[in-house]
Protein chains: 2
Amino acid sequence: MSNIKDIAKLANVSPSTVSRVVNNHPYVSSVKKEAVLKAIEALNYTPNISAIRLKSGKTNIIAILIPYIDHGYFGPLIKAINETLSQHGYMTILCETENDSEKELYYLEMLRQKQVDGMMMCTLLNKWQDVESFLQYGPIVLCGEYSEERVLPTVYVDHYEGAAIAIRHLIEQGYNKIAYASSREKNLVYESRKQAYLDCLQKANLPLKDEWLIHINQDHVLVGKDIFTLLSKLPEQPDAIFVANGDQAAAGLVIEAQKHGWHVPDQLAIIGIDNQPISELLEMSTVEQPIDQIGTKAAKLIVDILEENQSVQPNEQVYFKLVSRQTT
Amino acid sequence: MSNIKDIAKLANVSPSTVSRVVNNHPYVSSVKKEAVLKAIEALNYTPNISAIRLKSGKTNIIAILIPYIDHGYFGPLIKAINETLSQHGYMTILCETENDSEKELYYLEMLRQKQVDGMMMCTLLNKWQDVESFLQYGPIVLCGEYSEERVLPTVYVDHYEGAAIAIRHLIEQGYNKIAYASSREKNLVYESRKQAYLDCLQKANLPLKDEWLIHINQDHVLVGKDIFTLLSKLPEQPDAIFVANGDQAAAGLVIEAQKHGWHVPDQLAIIGIDNQPISELLEMSTVEQPIDQIGTKAAKLIVDILEENQSVQPNEQVYFKLVSRQTT
DNA sequence: TTGTATGCGTTATCAG
DNA sequence: CTGATAACGCATACAA
């Protein structure tokens, strides 16, 4: 592979001149510029990125931390982030934690090693004080997640409110035996949603039964089957359920319930969260989360921070919206 | 940020000794080793990766080229590749081409710039001669795709055979008015599948109608709706359809057809391809493609090539398998 | 407008 | 076992 010196030699100029041409600096005579360009062409030269990075201390790479790559919510989120970053000249390194806090820490190390310029955390498992120390090495942006301290730049999604919208909707529709399905994963997202469920029911003076709290991990269509099984074994049937795992699980439940001849929503109302394509197809009610917007905003945020744009808005908020369809 | 010299100074040794300790070389007295380790701890030192990369000429990064990130087939594929690469100490850079051959070329440039050690192509849009020139900069592995020349190391998936399995199954089940839905995307995958459809029908002496060739792009549940619309407008109804787009589209079609009161499979048999989770939930027939296996094999293949393992198997094959369920 | 020299942080060679 | 030194490829301060 040819380097800057080879070009310099061939074009009869100094390495610095080659560098100037490559980086489009002014003050290069058109004659030499021409010669350099010709030499570059002849030797099929491209600058070595590792050298540039060592020299500049920048990588133009951003790491995206997510629990799962192949996932109804994180899939489109990654896509949105990646697209925006790409438009701004950044590449993306994928870090799948599988909800393992050790892995999260491991990937955070990349910031320290200057392997990436910044971290986009779409998941946050570790305690704030363990993450904090990495901030000295580069910016960290929270995307759709949040830490209770909220000291990080964040695209803030109020999951408590999102869940509350769903529950309030069920209550308004007249349901009064409301069940709740959710993942047991320990994070603020699920905790907020659960709290919203508890609070809303209490405020409405509705019965709260332990058996109506269904814990099934993951947001995945097949998980809907498990929820159905659990549901159908219950001594007293609820008349509605909010599936906080997400629309995949909710959609699975709709399909499975119908397969078993249950009438949705008369026998059981179902509402999910995210507004994924499948919920539209099934005409399932859900609470929309503007995933593209979240990803795009978070990506812009980290770029702004890295490029020290004046206009940095360290905290952006994004809103849930009820999408009422046929299953409630 | 501290560097190797700082450590050397603090530990009263030479930079080379520090390097030896960091890289676990033998021949370092335990006394000095101890001192170095202490200094590293004290200064919170980590080696600068860009420097290592410049020096070594390796990056330990592999680029994954895919058309879409958020996709029923490519999602799990990325996951499998990423997981395997990660186990072997490689990171992954995501390159979404959106089926744009320009972008494909653009990303291929990363190989030339030594930004990545190798490329995993899960999509191939450019002509072979345009891709070939990049081979001098690093290995390229085809994953689930293929070029007619087949000169690249490949995890070979016989899409002709995969489609043939589906069609033959329909024929065996006694259907004789078989329609075909597929994406218009121009690539070998879809062309092979279509050819299989045509060949199988001809061989079985079954009628072949132009209107039964339905072209709808993408593999996405909502696309199932469009297929249904087109299907229901047909002057003469087929009694079965193979949805070559994939299981998402096929599942969408199943749901939509049932929503409109069609009986599947009596009125219309439906078979998809991929065996994605939703097809299990819907009890939909499909042809299984071992996505995990494809990803894992491809990842191992590129690692073997990069690490010059003797046992490199430049061409691995992987097989489709009929999964007969309730929709055929 | 151009060239020289230096340093970015590492590792490897070689001499001791 | 250890240390000095060169080299990886580039960008830039400075000199001309």
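Biologist: Two strands pair if DSSP finds at least two bridges between them. On that basis, what is the bridge partner of Y156(B) in β11(B)?

Modeller: Q317(B) is the partner of Y156(B) in β11(B). Strands here are DSSP runs of E with at least two residues, helices are runs of H or I with at least four, and both are numbered from the N terminus.

Biologist: What kind of model is this?

Modeller: The model is predicted; local features need pLDDT of at least 70, side-chain atom pairs count only at pLDDT 80 or more, and totals for chains, interfaces and linings use all residues. Residues are numbered from 1 along each chain as its sequence is written, while chains are lettered from A and ligands numbered from 1 in the order in which they are written.

Biologist: Back to β5(B) and strand β11 of chain B. In which sense do they pair?

Modeller: Parallel, over 4 bridges. Strand β11 covers residues 315-318 of chain B. On β4 (residues 140-143), β5 (residues 154-157) of chain B also pairs in the parallel sense, over 2 bridges. There, L142(B) stands opposite T154(B).

Biologist: And I294(B), which helix does it lie in?

Modeller: I294(B) is in α13, residues 291-306 of chain B.

Biologist: Buried or exposed?

Modeller: I294(B) is buried, because 23 other C-beta atoms lie within 10 Å. Buried takes 20 or more other C-beta atoms within 10 Å, exposed 12 or fewer, and partly exposed is in between, with C-beta atoms placed from the backbone.

Biologist: What does I294(B) touch, not counting residues up to four places away in sequence?

Modeller: L77(B), C143(B), G144(B), V155(B), V157(B) and V318(B). Contact needs C-beta atoms, placed from the backbone, within 7 Å. V155(B) is 139 residues from I294(B) in sequence, yet their C-alpha atoms are 6.6 Å apart.

Biologist: New topic, the open sheet in chain B. What is the order of its 6 strands?

Modeller: The order is β7-β6-β8-β9-β10-β12, with mixed pairing. Neighbouring strands are turned by 20 degrees against each other on average, direction ignored. Axes are lines fitted to C-alpha atoms, for helices over the stretch in contact, and angles run from 0 to 180 degrees between N-to-C directions.

Biologist: How many bridges join strand β8 to strand β9 of chain B?

Modeller: 3, and the two strands run parallel. F242(B) has I271(B) in β9(B) as its bridge partner.

Biologist: Which helix packs on the sheet, touching β9 and β12 among others?

Modeller: Helix α8 (residues 159-172) of chain B. It also touches β6, β8 and β10 of chain B, and its direction makes about 160 degrees with that of β9(B). Helix α9 (residues 188-203) of chain B lies across β6 and β8, at about 175 degrees to β6(B).

Biologist: On to α4(A). Which residues are buried there?

Modeller: I49(A), S50(A) and R53(A). They fall within an arc of 100 degrees seen down the axis of α4(A), so they line one face of the helix. The arc is that of the directions from the helix axis to the C-beta atoms.

Biologist: What do the buried residues of α4(A) pack against?

Modeller: α4 of chain B. Just after α4(A), G57(A) has a positive phi of about 75 degrees.

Biologist: How many residues does the contact take from chain A?

Modeller: 38, and 38 from chain B. Elements giving two or more residues to the chain A side include α4, α5 (74-87) and β2 (91-96). That side divides into 17 nonpolar, 12 polar and 9 charged residues. Ala, Val, Leu, Ile, Met, Phe, Trp, Tyr, Cys and Pro count as nonpolar, Asp, Glu, Lys and Arg as charged, and the others, Gly among them, as polar.

Biologist: And P277(A), what is it in contact with beyond four places in sequence?

Modeller: H220(B), V221(B) and L222(B). P277(A) sits in helix α12 of chain A. It is partly exposed, with 18 other C-beta atoms within 10 Å.

Biologist: What about DNA strand D, which residues are closest?

Modeller: N3(A), I4(A), S16(A), S14(B) and S29(B). Helices α2 and α4 of chain A and α2 and α4 of chain B each supply at least two residues of the surface near DNA strand D.

How values were computed
Contact = placed C-beta atoms within 7 Å. Near = placed C-beta within 6 Å.
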